[in-house]
Amino acid sequence: MPTEQELHQICRIYTIPCPACTTENSYHRLKRDMARAATMEGDGHPLEYKWQKPGFDSVDPLQFFMGVCTTCGFTGELDDADYRQAGKNPDVYRKDFAGPSLTLFKDGATAGKGGAQSLLKRVAQEDPLVKVIAHFHLGILTQCSRIELEVGRIARYYLRIAWCYRDHERFYPESDLEAIVASLKKCRKRFKEDLGSHVDYPEEPIVATNEVEALRLCRTYFERNYEVLREASIEDELRLRLLLAEIGFRLYQLSDDEDDYKKASTFFSGCIEQCVKIISDKSIVGGLVNRARGILDNAGERGRELRALREKRGSSAKKAKSGGNGAPAKKKAKSDGKGVPAKKKAAVKSKAAFSTERAGDKEKAKVEANGKGAEAEAPALSGERSVTERDKATRQIIVLNEKVESLRKRVEEVEADNQKWRQVIGKDSLTGLPNRIALFRIELPKVIRNFNESTPITCIAVGLDQVAAINLEHGWLMGDKMLQASAKGLRKFLKEEDNLYRVDGANFVITGQMDGNAARQRATEMRRALGGANVRVDQTMMPLASSLGVVTMEKKVSDSETEVAMALYTALIRTLYKAKEMGGNTAEIHNVTRF
């Protein structure tokens, strides 16, 4: 697990009150697009991640997927906006969950017993692999507390548990898998006792202790999800059918089970048949047809690979049965002497060989092909450890460089201006909001300095149209009170990570990360909402109708943060007043996005 300083490079910290027990927990969530899957296996398992920051190739992004309450074990996805915002209105969030199930979480925290508490003990262990596997099982336990079961989400959690087991040597080479399995098996009884009662279970969830168990449960729940999707989108149904085929393929590679082969073959054939129908249907045009062609090629190729694997195994089985020279074998081996069937033992070996081949580990594959055995595998494992050590060294260098750079910038800032004075002049005394100086001299240059073209910056200026008339009719005191009330009203339009400023007079600015299309839609919605809204000031209702000016920066062409900030300010004010000149209650979009 990276250190706190290293985590700061790749994560944002979120403090989220637990919807079940109200305990506040802080979580590390990966920054947007920090880690992307560069290459994937058929079931979506990433073989390689592309990180925005160097030195994190040995870190599993799944460690930052779940938010687990350290008190009661209630768990949610950190990418789920509803879960992150649950603390603002917990009653609304909790209405989707059964009351008795939520009580189990709280009672378990009080007594220190129950399925969630049992898994929390695994979360508290130092081994990172058992932590992340426990995270996903807590997520499944939480999903089973819902009034209406979301089988697709449970299926995705089991799929990621399977990936964790598959990535044991890749991300967790020092983890003791046998000890982890033994530890997780101890959770099964309490996990079962705390499961919510559902008629929708296609199969009762369990604590999965290996990849095969996790994939079988994943497939079972996706099959139930498939029945629902068949009534929705053709494309969603097609993609899920292909995913089910790939999961079956992977299971057949691991288990050599004929039922797994039949299921995978059936779903591949179904994909091919459905794709042909889409391509042949002249009423369907555009992107769906092109995507169907791509899936058709993929499903056809993978189906041939599946049949080839079966034929290869069939030939090997016949050869082994005949003793290798066509003569019948004298004695049939029933087990390996330890109660393990020979067929299952061979399947385990096949699993290891396939996992290595699919991961692109040429060195280890070469060792296995030459028959050098376990002794020759040491260089490959050593190589994996060297990658981890190299990653740690890279992260340490980056942290040190960032410290040096931070100190240098700090000295420059202190020499240029007194920090306390900057805070004083950067605050609007009437509304308490940051002012124009804070926005265009302090905050915006910082954002521009770290600008990334994948996350455009947008400023939305909001000019209250009726303040001047209210000053004339009711006096300046009433106008000031309206500005104060309006500042509170505008906060309701803020989204996560947005900021609100009062730049001058009756003009406010909202800043956030959004592209031009999103900004246009948002400005339109705000104009409509403000046009019909009022604020109460001393028992008097006053209109919030406003003119809006929108400026989006999608590309930075100047090297000076100050110049870019002032160019944005100039464009924003011109756009706002152009909207006012059009009669008010209007949104105007600036047509330049390069600054």
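Me: How many helices and strands does the secondary structure of the chain come to?
Reply: The model is a predicted one. Its chain has 595 residues, of which 45% count as buried. The secondary structure of this chain comes to 24 helices and 13 strands.

Me: What share of the contacts in the chain with a separation of 6 or more comes from residues 24 or more positions apart?
Reply: The contacts considered here have a separation of 6 or more in the chain. Among these, the part from residues 24 or more positions apart is 66%.

Me: How many bridges pair strand E1 with strand E2, and in which sense?
Reply: E1 covers residues 11-17 and E2 covers residues 24-30. The pairing is antiparallel, and the number of bridges is seven.

Me: Which residue in the hairpin of E1 and E2 takes a positive phi?
Reply: This hairpin has six residues between the strands. A phi near 70° is found at Thr22.

Me: Which residue in the hairpin of E3 and E4 takes a positive phi?
Reply: Strand E3 (residues 35-40) and strand E4 (residues 46-51) are antiparallel partners over five bridges. Within this pair, Ala37 has Tyr49 in E4 as its bridge partner. Five residues stand between the strands, and the one with a positive phi, near 90°, is Gly44.

Me: Which strands stand at the edges of the open sheet of five strands?
Reply: The order of the sheet is E8-E9-E7-E12-E13, with mixed pairing. An edge strand here has a single partner strand, so one side of it is left without a neighbour in the sheet. The strands in that position are E8 (499-504) and E13 (587-589).

Me: What is the average twist from one strand to the next in this sheet?
Reply: The strands concerned are those in the order E8-E9-E7-E12-E13. From one strand to the next, the twist averages 20°.

Me: Which residue in E9 stands opposite Arg502?
Reply: E8 pairs with strand E9 (residues 507-513) in the antiparallel sense, over five bridges. Opposite Arg502, the residue in E9 is Phe508.

Me: At what angle does helix H23 run to E12?
Reply: H23 is made of residues 516-531 and lies across strands E7 (457-464), E9, E12 (546-553) and E13. Its angle to E12 is about 170°.

Me: Are helices H6 and H7 roughly parallel or roughly antiparallel?
Reply: Two packed helices are described by the angle between their axes and the distance between the axes. For H6 (residues 128-143) and H7 (residues 151-166), the axes are 10 Å apart and the angle is about 170°. An angle over 145 degrees counts as roughly antiparallel. H6 and H7 are therefore roughly antiparallel.

Me: How many nonpolar, polar and charged residues are in the contact of H6 with H7?
Reply: The crossing of these helices is left-handed. On the H6 side the contact includes Leu129, Phe136 and Gly139, and these residues are part of a set that meets residues of H7 including Ile154, Arg160 and Tyr165. By class, the contact has eleven nonpolar, three polar and two charged residues.

Me: Which elements do the buried residues of helix H5 pack against?
Reply: H5 spans residues 115-123, and eight of its nine residues are buried, so the helix is largely enclosed by the rest of the structure. Among the buried ones are Gly115, Leu119 and Arg122. They pack against strand E5 (66-68) and the helices H4, H6, H9 (177-185) and H10 (188-194).

Me: Is Phe97 buried or exposed?
Reply: Phe97 is placed in the loop between helix H3 (90-94) and helix H4 (99-111). Beyond four places away in sequence, Phe97 touches residues including Phe74, Leu102 and Ile147. Its relative accessible area is 4%, and the limit for this class is under 20%. Phe97 is therefore buried.

Me: How far apart in space are Phe97 and Glu148, C-alpha to C-alpha?
Reply: In sequence, Phe97 and Glu148 are 51 residues apart. In space, their C-alpha to C-alpha distance is 8.1 Å.

Me: Is Gln539 buried or exposed?
Reply: Gln539 lies in the loop between strand E10 (534-537) and strand E11 (540-543). Its phi is near 70°, a positive value in a residue other than glycine. With a relative accessible area of 66%, Gln539 is exposed.

Conventions:
Residues numbered from 1 in each chain as written. Predicted model: local features only at pLDDT ≥ 70, side-chain atom pairs only at ≥ 80, totals over all residues. Heavy atoms only, no water. Pairing = 2+ DSSP bridges. Helix = DSSP H or I, 4+ residues; strand = E, 2+ residues; numbered from the N terminus. Axes fitted to C-alpha atoms, helices over the stretch in contact; angles between N-to-C directions. Contact = heavy atoms within 4.5 Å. Parallel < 35°, antiparallel > 145°, perpendicular 65-115°, else oblique. Left-handed = near helix turned anticlockwise from the far one by under 90°. Nonpolar A, V, L, I, M, F, W, Y, C, P; charged D, E, K, R; others polar. Buried < 20%, exposed > 50% of the residue type's maximum accessible area, 1.4 Å probe, protein only.
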